[in-house]
Amino acid sequence: MTLIKSISGIRGTIGGRVTQNLTPLDIVKFTAAYAAFIKKSITLRSVEGGLSAKKNPCIVVGRDARVSGEMVHRIITGTLIGMGCDVTDIGMATTPTTEIAVEKENAAGGIIITASHNPKQWNALKLLNSSGEFLSAAEGEEILSIAESEDFLFSPVDELGKVTQKQYLHEHIQQILSLDLVDKKAIEAANLRVAIDCVNSVGGMAVPELLYALGVKEIFKLHCAPHGNFSHNPEPLPQHLTELASLTRSSKASVGFAVDPDVDRLAIYCEDGEPFGEEYTLVAVSDYVLQHTPGNTVSNLSSSRALRDVTHARNGEYNAAAVGEVNVVTKMKETKAVIGGEGNGGVIYPALHYGRDALAGIALFLTYLAKSGKTPSELRKSYPAYFMAKQKVELTPGIDTERILNKVKEIFSDQRITDIDGVKIDFPDKWVHLRRSNTEPIIRVYSEAHSMEEAQEIGKQIIKLIQEFS
């Protein structure tokens, strides 16, 4: 169907022709390019520091539970060995668990095999640096260049890598439990009942283990068998989580949680079965963190204004970054933010690590719930009311996206324009952000206002303009 190459990795559908889908040959070429990049980086750092480079750099490899995961995992592991890299294989693991493992192993990098929220026919390689964080745009471009030119050299027999198998979920959970703002005793005392939907991926292993470790005694489970045949569309949106809504309500659960296949996004459900709102996952967790550690926050340009409002109410400074976890992390470091993330339910808590982490989000939210004595619906009502519409325009070959964006900027030049990532138009009472997706052949059109009707209307106006200019 398609193969998408971007600075964050490669993503595509399984099967089909080379260079058009995510085939074994594409996986080998891209993995080899990443290994060549890692080895070159280590050599440069060693030369600059007057040190001798380690013979075989270590790469951590983890994957979600999707059906193609084992096949892709074997190809990647074999390729890394062939490139003279040692592999720490942590098997099925969440994305944040893999990020933490890179740090703990003092590894040179990591590869996460996951297509995140995409359906089961998709898979992808997400690439990490030695800090367990996503690569920069420049680094991603270099890897794409290496892959395109096939500028990599496989190792002779005496320099092949080796594989070590380890598990890191327990370590990840222990680090969460040790956070100052996670209070296991408070959660235990609150006798919270929790409903979960883990969409038949690694969350089915990780989320229950975390909840039991936090002292939650009653867990109502949906789709926790990690076989990769997703029981519904794996993106954690309300239209896909109707079962969780019903279960939360019927079981009289205190709260409901849903995660995506690699567990870096968190959706929350109120006790009455109503969605808390994916944009408000980060808002609520940030509000709790800011109450105890005053400071700054960051989210991306497509995230709700509610985080800005809550941050200002807590006397902090809010900043917006370009879409993409690496951009949010860069801005968080630059502004010394104490909490940040993306409005799709991605919480980044630097006290743990610089990566979106649904497990950390669950622990912090449950602590807030327990200590506040409020229900999720009561918490939700305490935040500014915004409504976001998320629409898209399919791209056909030959469309000049830059020309379209420039035309939109011209038309709305009397408004506040931000163009660090696509075009965001800030009106006094609403905003609209349009940008080309890094993972799909579409232009995303996100808009927010004080009513869903207003948000949808401004989005439709922009879509009409895009279609006129196409």
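**Cores and rings in a predicted model**

Guide: Phe257 and Phe365 are both buried. The model is predicted.

Visitor: What makes Phe257 and Phe365 an aromatic pair that is edge-to-face?

Guide: Their ring centres lie 6.2 Å apart, with 85° between the planes. Pairing needs centres within 6.5 Å, and edge-to-face needs an angle over 60 degrees. Both conditions hold, so the pair is edge-to-face.

Visitor: Why is this pair said to link distant parts of the chain?

Guide: Phe257 belongs to strand E10 (residues 255–259), and Phe365 to helix H12. They are 108 residues apart.

Visitor: Which residues form one aromatic cluster?

Guide: Phe257, Phe276 and Phe365 do.

Visitor: What is Phe276 in contact with, leaving aside its neighbours within four places in sequence?

Guide: Its contacts include Ile268, Tyr269, Thr281, Phe365, Pro376, Leu379 and Tyr383.

Visitor: Which residues have the most contacts inside the largest nonpolar core?

Guide: Among them are Phe257, Phe276 and Phe365, along with Ile196 and Leu211. This core has 62 residues. Helix H12 (residues 358–372) gives the largest share, 11 residues. A second, separate core has 33 residues, including Ile76, Met83, Leu125 and Ile146.

Visitor: How many aromatic pairs does a search of the whole structure find?

Guide: The search finds 5. One of them joins Phe152 and Phe154, with 5.8 Å centre to centre and 80° between the planes. That angle is over 60 degrees, so this pair is edge-to-face.

Visitor: Why is Phe152 called buried?

Guide: Its relative accessible area is 18%. Buried means under 20%, so Phe152 qualifies.

Visitor: Is Phe154 buried, exposed or partly exposed, and why?

Guide: Phe154 has 41% relative accessibility.

Visitor: How do you know that the charged end of Lys430 sits over the ring of Phe427?

Guide: The charged end of Lys430 is 5.3 Å from the ring centre. The distance limit is 6 Å, and the charge must also lie within 35 degrees of the ring normal. Lys430 is listed as sitting over the ring. Lys407 likewise has its charged end over a ring, that of Phe469, at 6.0 Å from the centre.

Visitor: Why does His240 count as buried?

Guide: Its relative accessible area is 19%. The cut-off is under 20%, so His240 is buried. His240 lies in the loop between strand E9 (218–222) and helix H8 (242–250). Not counting residues up to four places away in sequence, His240 touches His232, Asn233 and Glu235.

Note on methods. Residues are numbered from 1 along each chain as its sequence is written. This is a predicted model: local features need pLDDT of at least 70, side-chain atom pairs count only at pLDDT 80 or more; totals for chains, interfaces and linings use all residues. Side-chain values use heavy atoms; hydrogens and water are left out. A nonpolar core is a set of buried Ala, Val, Leu, Ile, Met, Phe, Trp, Tyr and Cys residues joined through side-chain atoms within 4.5 Å. Buried means under 20% relative accessible area, exposed over 50%, partly exposed in between (1.4 Å probe, protein chains only). Helices (H or I, at least four residues) and strands (E, at least two) are DSSP runs, numbered from the N terminus. Contact means heavy atoms within 4.5 Å. Rings of Phe, Tyr and Trp (its six-membered ring) pair if their centres lie within 6.5 Å; planes under 30 degrees apart count as stacked, over 60 as edge-to-face and the rest as tilted.
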